[in-house]
Amino acid sequence: MDKVMLALRRAGVLNSLRGKKVLVATSGGKDSLNALYVMHTLSEDYDVDVKAVLINEGIRGYRELTIQAFMKFCNALKVKSKVVSIENEYKFSIDYVARAYLSGLINYKPCTVCGVLKRHLVNRIAVEEEADYVVTGHNMDDEVQTFLINIVRGTVKNLAREGILTGGVLGFVPRLKPLYYVTDKESLTFFLVNKFETPIVECPYASLSLRYHIRLFLNELEYKSPGTKERLLELKDKFRASLSKLTETVQLKRCIICGQPTTREICRACEIVLQVRKITD
Amino acid sequence: MASAEVIVKIVKRNITITKKVGEAGLKIEDLLRELGINPISVVVFKNGVIVTEDDLAKPGDVIKVYAVSPGG
């Protein structure tokens, strides 16, 4: 909990949480359920209105198992919750996208589509719910992996966008990551020690992503040189501070299709949806 | 000989392995590496109690290994 409080303090939100509405975006996995638990715990002291949402990507044999864990967890905490389906919203599932990708019909990896559409959907729901913050379960490992992914891809501007608290401009509901300083291992330990339950399952498409390989690489580095992840996170935060001027120059506008904020005419989510629908229609 | 073995349950893969460790026991870190598991990526319970990798697995112990899954 100390690391959570540190993250909230550094994000500058701890003293302004009182009376705020928070939407916790969960997957039903350990990190996001931990994030939901800590926000629920804080809600008593800080009078925070906590709701939870789970986006069902439509991955058979995986997501339906964690939905059950999510519902059970929310019921135990008496937190209002909802499950929203990508298939209902966009008319195709991530299973469909994965088959299309593996058949060479589209160039988008299922993990890319999944990530972009989940962010798109969660932001829309947060606006509808009038949430002050979207809370996610991203932990230190996720943040350091993203840092390395951006370096590998050369997407320097993205480096400036990642932090404990992001968004908050032109329709982007601020995204808060209370587990920013918590490692994967610490998060799993907290989950198990508290006897929380979720199925031990892994997304069947995980190994298609660059993140999967970076994760293995980082864990090997951490084992051979303890403290690697923490040092990389510090480096990332220094980069972010020095790159912040780059983001200030980015002009945001509304997507001409969905109205969500974007730097382009059509946002990435709508662009992906249009591409996938070309093969589904 | 059963008394010089530990039982290792790897939860994510749903498999149970019996491993010889010798009477003096084996450091859990070394046990994991022998099984091809990076200690950074798991949380280990010994006889139902959470332990660090510096702990010893001694004959008769039941070691449960929980892997950190991506997409948590």
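Contact is taken here as heavy atoms within 4.5 Å. The model is predicted, so that local features need pLDDT of at least 70 and side-chain atom pairs count only at pLDDT 80 or more, whereas totals for chains, interfaces and linings use all residues. Residues are numbered from 1 along each chain as its sequence is written, chains are lettered from A and ligands numbered from 1 in the order in which they are written, and side-chain values use heavy atoms, with hydrogens and water left out.

**View 1. The interface of chain A and chain B.** The contact draws 22 residues from chain A and 20 residues from chain B. About 1,900 Å² is buried between the two chains, and carbon and sulfur atoms give 59% of this area; buried area is the accessible area (1.4 Å probe) that two parts lose on being put together, summed over both. On the side of chain A, the residues that lose the most area to chain B are A:Lys185, A:Ile200 and A:Tyr223, together 35% of what that side buries.

View 2. Two salt bridges are found across the interface of chain A and chain B, a salt bridge being a side-chain nitrogen of Lys or Arg within 4 Å of a carboxyl oxygen of Asp or Glu. A salt bridge joins the side chains of A:Lys185 and B:Glu53, with an N to O distance of 2.6 Å. Eight residue pairs, both members at pLDDT 80 or more, are in polar contact between chain A and chain B. A polar contact is a pair of N or O atoms within 3.5 Å; within protein, one must be able to donate a hydrogen and the other to accept it, and residues adjacent in sequence count only if both atoms are side-chain atoms. In chain A, helix H2 (30-46), helix H9 (184-193) and helix H10 (210-224) each supply at least two residues of the side that touches chain B. H9(A) gives the largest share of that side, six residues. Helices (H or I, at least four residues) and strands (E, at least two) are DSSP runs, numbered from the N terminus. By class, the side of chain A that touches chain B has eight nonpolar, five polar and nine charged residues; Ala, Val, Leu, Ile, Met, Phe, Trp, Tyr, Cys and Pro count as nonpolar, Asp, Glu, Lys and Arg as charged, and the others, Gly among them, as polar.

**View 3. Helix H9 of chain A on the strands of chain B.** H9(A) lies across E4, E5 and E7 of chain B and runs at about 40° to E4(B). Axes are lines fitted to C-alpha atoms, for helices over the stretch in contact, and angles run from 0 to 180 degrees between N-to-C directions.

**View 4. The sheet of chain B.** Five strands form an open sheet of mixed pairing in the order E2-E1-E7-E4-E5, where two strands pair if DSSP finds at least two bridges between them. Strand E2 (15-20) and strand E5 (49-51) of chain B are the edge strands, each pairing on one side only. From one strand to the next, the twist averages 30°. Strand E4 (residues 42-46) and strand E7 (residues 62-67) of chain B are antiparallel, with five bridges; B:Val44 has B:Val65 as its bridge partner, and B:Lys46 has B:Ile63. Strand E1 (residues 5-10) of chain B runs parallel to E7(B), joined by four bridges, and B:Lys9 stands opposite B:Lys64.

View 5. The open sheet of chain A has six strands in the order E3-E2-E1-E4-E6-E5, with mixed pairing. Its edge strands, E3 (80-85) and E5 (165-166), each pair on one side only. Strand E1 (residues 21-26) and strand E4 (residues 133-135) of chain A are parallel over three bridges, with A:Leu23 opposite A:Val134. Helix H3 (residues 63-77) of chain A packs on the sheet and touches E1, strand E2 (49-56) and E3; its direction makes about 165° with that of E2(A).

**View 6. The surroundings of A:Asn56.** A:Asn56 lies in strand E2 of chain A. A polar atom of its side chain lies 2.9 Å from the backbone nitrogen of A:Gly58. Not counting residues up to four places away in sequence, A:Asn56 touches A:Arg63, A:Ile67, A:Val83, A:Val84, A:Ser85 and A:Ile86.
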